[in-house]
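Colleague: I would like to learn how to read a few features in a structure. Could we take them one at a time?

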Amino acid sequence: MRSLALLGLAAGDVLGAAVEGMDRSAVAPRLDGLPPPGTAWTDDTQQALLVARHLLEHSEVDGVALAVELRGPDLPHRGIGPGFARFLDTGMPQPSAGNGAAMRSAPIGVRFGPERVVDEAIVAAMVTHADPRGVAAAVAVAAAVAHAPGDVAGADLLAEIAEDVTDAEHRLFADHGLRFGAGDRWHTFSEALRAAIGEVDEPPAVVADRVGERAAPTSAASETGGTHPYAPASVVTALVLAAAATDPVEAVRAAVALGGDTDTVAAITGAVVGARFGVESWPWEVPRADLLVQIGERLVDGGGTEGLPDAAELIA
């Protein structure tokens with residue numbers, strides 16, 4: 001079922017794309033009409049597909065090659081954030097604690113499963129992120145997808161993910177400490193995730209509000225909601241919604257209903273519930289759904305890129 005994570009990611013991305021950045025109250029009256037006909041993917045799906053294609057070509061994460069591929073001059077990136085824009089300009093990892101690496105890391109969990117997911121997700125995230133919070137968030141999403149098809153759910157699934165994230169934080173400090181600043185918060189993400197385990201049975205709005213309140217003191221902004229792009233907020237919220245889900249479609253709709261960074265929160269939620277529940281189709285149009293399923297199957301089977309579009313066509 002891990003193979004269906006990419007389809008779920010794109011489904012969440014498409015559902016949340018039209019209301020990204022809106023307050024919760026503004027999203028509510030529009031929710032039943034989402035997505036508008038013809039809605040395209042955003043950078044969430046685009047970058048995840050680039051990572052997926054990279055894995056099919058290289059079999060593992062090659063950080064140098066991935067950096068070159070993400071910066072391809074003919075790539076039609078849509079909706080990128082300021083940190084990724086600076087990476088495109090400079091080629092250098094940015095001091096970002098945002099959710100950009102997390103939103104694209106689901107294919108790593110599909111490809112490797114629990115055994116290698118931490119190592120590979122660290123390499124892929126450090127291409128663009130020079131902050132342990134952004135890297136740890138990417139590990140968390142990849143680990144969530146890797147663990148999702150098992151019988152574990154709810155608080156137990158979040159605890160498994162938190163163990164992988166703590167492992168990643170220790171490795172980052174031991175192996176890459178000089179890449180980060182002296183003031184970086186090494187365990188902020190794992191602490192945020194563990195603190196949220198107690199909210200797993202709460203309504204989505206309560207989850208987001210409490211996660212956001214706890215995240216605010218460690219963020220660059222004095223006020224941070226649970227769907228803010230800051231990774232210990234939005235990524236944690238998405239993982240709690242996905243771990244608690246009993247209905248994958250409702251979980252993704254609930255992620256969008258929270259407002260804020262709707263496409264990314266819903267994309268992460270969709271990737272995990274897609275893998276957890278084996279969702280083969282969604283009740284709204286997902287562009288190129290057959291191709292997303294095919295790539296997911298190749299990731300699981302260890303397939304290559306034969307017959308696939310080149311990178312620019314793949315994410316167009």
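Colleague: How many salt bridges does the count come to?

Modeller: This is a predicted model. A salt bridge here is a side-chain nitrogen of Lys or Arg within 4 Å of a carboxyl oxygen of Asp or Glu. By this rule the count comes to 12.

Colleague: Which residue forms a salt bridge with Arg 116?

Modeller: Glu 60 does, and the closest N and O atoms are 3.2 Å apart. Arg 116 lies in helix α7 and Glu 60 in the loop between α3 and α4, so the pair ties together parts that are 56 residues apart in sequence. Arg 116 is partly exposed, at 36% relative accessible area, and Glu 60 is partly exposed, at 41%.

Colleague: Are Arg 133 and Asp 131 buried or exposed?

Modeller: Buried means under 20% relative accessible area. Arg 133 has 11% and counts as buried; Asp 131 has 3% and also counts as buried. The two form a salt bridge, with the closest N and O atoms 2.8 Å apart.

Colleague: Which residues of α11 are buried?

Modeller: The general idea comes from the helix turn. An α-helix has 3.6 residues a turn, so residues three or four places apart point the same way. In α11 the buried residues are Val 207, Ala 208, Val 211, Gly 212 and Ala 215. Seen down the axis of α11, they fall within an arc of 120°, so they line one face of the helix. Among the elements covering them are α2, α10 and α12.

Colleague: Which residues are linked with Arg 210 in a network of salt bridges?

Modeller: Glu 199, Glu 202 and Arg 214 are linked with Arg 210 in that network.

How values were computed: Residues are numbered from 1 along each chain as its sequence is written. This is a predicted model: local features need pLDDT of at least 70, side-chain atom pairs count only at pLDDT 80 or more; totals for chains, interfaces and linings use all residues. Side-chain values use heavy atoms; hydrogens and water are left out. Buried means under 20% relative accessible area, exposed over 50%, partly exposed in between (1.4 Å probe, protein chains only). Helices (H or I, at least four residues) and strands (E, at least two) are DSSP runs, numbered from the N terminus. The arc is that of the directions from the helix axis to the C-beta atoms. Contact means heavy atoms within 4.5 Å.
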